[in-house]
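Hi everyone, thanks for coming.

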Amino acid sequence: MKVLIVGANGTLGKAVAAELGARHNVVGASRSSGDVHVDLRDAASVETMFRELGQVDAVICAAGKVPFAPLAELNEAKYLEGLQDKLLGQIRLVSAGTPHVRDGGSFTLITGILTEQPILSGAVASTVNGAVEAFVRAAAIELPRGIRINVVSPTVLTEAMHAYAPYFRGFEPVSAARAAMAFARSVEGRQTGQVYKIW
Ligand SMILES: NC(=O)c1ccc[n+]([C@@H]2O[C@H](COP(=O)([O-])OP(=O)(O)OC[C@H]3O[C@@H](n4cnc5c(N)ncnc54)[C@H](OP(=O)(O)O)[C@@H]3O)[C@@H](O)[C@H]2O)c1
């Protein structure tokens, strides 16, 4: 399969690329590294990427940024930042990507444990993750030509604990390699509309 991974060079994306790269032709994308460049915040950039790539079997997102701040300090601009990047960025990937995904192919998006288990300063992340999971359930019943869509929701990654540990006290981290296996389940299996919780 030809598998596009947006964010292939990140903490999670590297592990996903290693897992799927063992069996498939992985094309990495991001703003500044990889085989193709894309900025998920820019619809034209996403469309250009798919035009350059041609047909693919699977599209994976391992990107998506949200701001963290105490609830009282959150304003509309902060919510819009998260919505524009992690929510609309992934929706753009599905909208622009659908015509380029082969029959029976798949999209696999990314959320995280904060959808269900909030942390202090994580309101934008929880909001955006919840919206992405709702989008995935809705899109699953309307995507054409047998195209599937799932989302992986990992807890905090072991590889990110050096930076995130103070925010995730009491959370048991998982390895990026373990989270990557859920992407393989989505791409190489047949399920659709699933939220794979890795915690
Ligand atoms: N790390 C964790 O513990 C953890 C746990 C659960 C869920 N997640 C989720 O997993 C996703 C990836 O997290 P991560 O920790 O692996 O992040 P990361 O290490 O910062 O990597 C992010 C990757 O995405 C790319 N990227 C960033 N913004 C982009 C944009 N606008 N357009 C295209 N590519 C972009 C980056 O490359 P460029 O800078 O070159 O664009 C990089 O390759 C996020 O949605 C995060 O919320 C992470």
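**Around the ligand**

Let's start at the ligand: one of its oxygen atoms sits 3.0 Å from a polar backbone atom of Gly64. Taken by itself, the ligand would expose 890 Å², and the protein buries 81% of that. Keep in mind that this is a predicted model.

With Gly10, a backbone N or O atom is 3.3 Å away from a ligand oxygen. With Ser32, a polar side-chain atom comes to 2.4 Å from a ligand oxygen. In total, 26 residues surround the ligand, and the closest are Leu12, Ser30, Arg31, Ser32 and Leu157.

Okay, on to helix α4. It runs over residues 123–140, so that's 18 residues. From first C-alpha to last, α4 reaches 26 Å, close to the 26 Å expected at 1.5 Å a residue. Its buried residues include Val124, Val128, Val132 and Val136, and also Asn129 and Glu133. And what covers the buried residues of α4? Among the elements doing that are α3, β5, β6 and β7.

Now look at the loops on either side of α4. Ser121 is in the loop between β5 and α4, and Arg145 is in the one between α4 and β6. Neither is glycine, but phi is positive in both: near 75 degrees for Ser121 and near 55 degrees for Arg145.

Terms used: Residues are numbered from 1 along each chain as its sequence is written. This is a predicted model: local features need pLDDT of at least 70, side-chain atom pairs count only at pLDDT 80 or more; totals for chains, interfaces and linings use all residues. Side-chain values use heavy atoms; hydrogens and water are left out. Helices (H or I, at least four residues) and strands (E, at least two) are DSSP runs, numbered from the N terminus. The expected span of a helix is 1.5 Å times one less than its number of residues. Buried means under 20% relative accessible area, exposed over 50%, partly exposed in between (1.4 Å probe, protein chains only). Contact means heavy atoms within 4.5 Å. A residue is near a molecule or strand if one of its heavy atoms lies within 4 Å of it. A polar contact is a pair of N or O atoms within 3.5 Å; within protein, one must be able to donate a hydrogen and the other to accept it, and residues adjacent in sequence count only if both atoms are side-chain atoms. Accessible areas come from the Shrake-Rupley method with a 1.4 Å probe; for residues, only the protein chains shown count as cover.
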